[in-house]
Amino acid sequence: MAHMTTEDVHDYINGVCFKTGPPGKVGAETEWLVTDPEDPTAPVTIDRLAELLEACGPPPAGSRITFEPGGQIELSSAALPGPAPAHEALARDLDHLRKTLADDGLHLAETALDPVRPPVRQLRLPRYTAMERFFANRRQPSGHTMMCSTASLQVCLDTGADPADACARWELAHRLGPVLVSAFANSAVWRGRPTGWKSTRWAIWAATDGTRTRPALESHTHPDPATAWAEYALAAHLLAVSEVPGGGGEWTADPGITLADWIGGRGARPITLADLEFHLSTLFPPVRPRGWWELRMIDALPLDWWPVPMALAAALFDEPRARAVAEEATERLCRGRFPDPALWRRSASLGPADPEIDACTRICFDAAVEALPRMGAAGLAHLVDAYADHYVRRGRCPADGALGRLVPEPRAETGTRDEDHGGVHAVRGGDTP
């Protein structure tokens with residue numbers, strides 16, 4: 001395809017990003033900050049990690065290992081039929097990874113935001129160089145922190161059986177988003193101090209270019225999710241354009257146009273399918289359609305609990321009785337089909353301390369615990385129930401444990417704009433980042 005049109009963008013998104021079929025497959029992508037207890041303030045280099053991982057061989061269950069720009073390790077499972085097989089495979093590979101690192105004195109950090117080390121970009125690929133320049137040009141230091149100091153757990157679920165089912169699951173994914181942010185918030189400490197947010201990672205992402213990080217529904221103009229996503233993609237700023245289609249030659253970071261502008265003739269060359277695919281890969285909303293739903297709003301968790309959000313989401317989407325409960329509870333929480341921006345902020349700043357979010361979370365956890373044995377995942381039901389006992393039914397999340405261990409006392413205002421550290425401007429609990 002030599003030169004794409006707006007119609008081509010809609011066709012691609014309909015056929016690829018919103019591909020439908022019988023649901024039931026589950027996958028997860030776990031990101032981990034890596035630390036060396038002998039030198040906890042120093043970055044662990046990608047060269048050191050790559051050498052260790054090459055020497056130990058590939059993960060036994062076939063998960064894919066990649067690196068994020070700051071040296072975070074990402075372990076991505078295959079899409080497997082149900083939460084139990086996905087958990088079993090990823091657990092084997094995670095044990096393999098942990099043992100390899102431990103033999104060299106390294107640990108996987110159990111937080112979603114590096115609490116001590118400043119962000120340092122290690123990957124020098126053109127994509128990440130362009131991304132860093134984009135955020136620097138737009139005076140968004142949070143982008144640098146987002147790239148280099150955050151870690152998430154992403155759950156991947158099938159789009160749906162047909163377009164109507166996909167639409168319902170799209171709405172549920174967004175309504176469930178604030179519940180997942182709140183229940184698994186695990187990034188309340190930054191630069192050694194409390195930030196006023198339970199999920200500072202969410203606040204950092206939300207403070208970054210809104211045309212690519214806000215929920216796709218905040219400015220939707222069409223009830224059809226594929227059309228809404230196409231409009232979102234067309235309105236997003238281009239992060240970078242390569243000299244040669246497909247990524248070759250020199251790169252121009254932040255060319256100052258949107259995808260729609262490029263299609264309209266404002267780019268230096270005609271847009272191709274490879275350019276569209278790259279652009280879509282640089283969009284980071286909480287729910288991203290890729291031929292499956294990628295739930296991106298969940299903080300990385302302590303090691304004992306990483307399977308819980310995957311099991312919870314799979315039960316609430318794929319087990320009919322649990323899904324009906326989740327649809328009703330989240331629609332009541334959102335007072336409609338979708339959450340508004342204030343609800344997302346409340347979930348990240350207050351977590352389970354917000355009574356409405358807390359009530360919905362408890363309902364969703366109870367439904368998942370009941371549903372998972374019917375999905376052949378009784379072991380995961382016990383784990384989800386244990387998490388609920390430890391956190392949810394006590395009105396707590398992992399961030400509360402980190403705050404409880406902190407000295408000195410919390411400050412009234414902590415996050416300040418800082419070019420060296422990539423700060424969030426005037427971050428306070430409940431404020432717009």
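Helices H12 and H15 pack at an angle of about 85°, and their axes lie 9 Å apart. That angle makes H12 roughly perpendicular to H15 (65 to 115 degrees counts as roughly perpendicular, under 35 as roughly parallel, over 145 as roughly antiparallel, and the rest as oblique). On the H12 side the contact (heavy atoms within 4.5 Å) uses Val-308, Leu-312, Ala-315 and Leu-316, and on the H15 side Cys-364, Phe-365, Ala-367, Ala-368 and Ala-371. Sorted by class, the H12 and H15 contact comes out as 9 nonpolar, no polar and no charged residues. Here nonpolar covers Ala, Val, Leu, Ile, Met, Phe, Trp, Tyr, Cys and Pro, charged covers Asp, Glu, Lys and Arg, and the others, Gly among them, are polar. Axes are lines fitted to C-alpha atoms, for helices over the stretch in contact, with angles running from 0 to 180 degrees between N-to-C directions. Helices (H or I, at least four residues) and strands (E, at least two) are DSSP runs, numbered from the N terminus.

A word on the model itself. It is a predicted one, where local features need pLDDT of at least 70 and side-chain atom pairs count only at pLDDT 80 or more, while totals for chains, interfaces and linings use all residues. Residues are numbered from 1 along each chain as its sequence is written, and side-chain values use heavy atoms, with hydrogens and water left out. The average pLDDT (the predictor's confidence in each residue, from 0 to 100) is 91 for the protein, and 92% of the residues score at least 70. Residues 407–433 are another story: pLDDT stays under 50 there, and the model has 68 contacts beyond four places in sequence for this stretch.

Back to the helices. H12 (residues 307–318) also meets H16 (residues 378–390), with axes that come within 9 Å and cross at roughly 110°, so H12 and H16 are roughly perpendicular to each other. Pro-307, Val-308 and Ala-311 of H12 make this contact with Leu-380, Leu-383, Val-384 and Tyr-387 of H16. The tally for H12 with H16 is 7 nonpolar, no polar and no charged residues.

H15 (residues 355–371) has a further partner in H13 (residues 320–334), packed at about 175° with axes 9 Å apart; H13 and H15 are therefore roughly antiparallel to each other. Among the residues in that contact are Arg-321, Val-325 and Arg-332 from H13, and Glu-356, Ile-363 and Glu-370 from H15. The H13 and H15 contact divides into 11 nonpolar, 1 polar and 4 charged residues.

As for the strands, pairing requires that DSSP finds at least two bridges between them. E7 (residues 153–158) and E13 (residues 292–295) pair antiparallel over 4 bridges, with Val-155 opposite Leu-295 in E13. E13 also pairs antiparallel with E12 (residues 287–289), over 3 bridges, and here Pro-289 stands opposite Trp-293. E12 and E13 form a hairpin with 2 residues between them, and Gly-291 in its turn has a positive phi of about 95°.

Another hairpin joins E3 and E4, with 5 residues between the strands and a positive phi near 100° at Gly-71. E3 (residues 64–67) and E4 (residues 73–76) run antiparallel, joined by 4 bridges, and Thr-66 stands opposite Glu-74 in E4.
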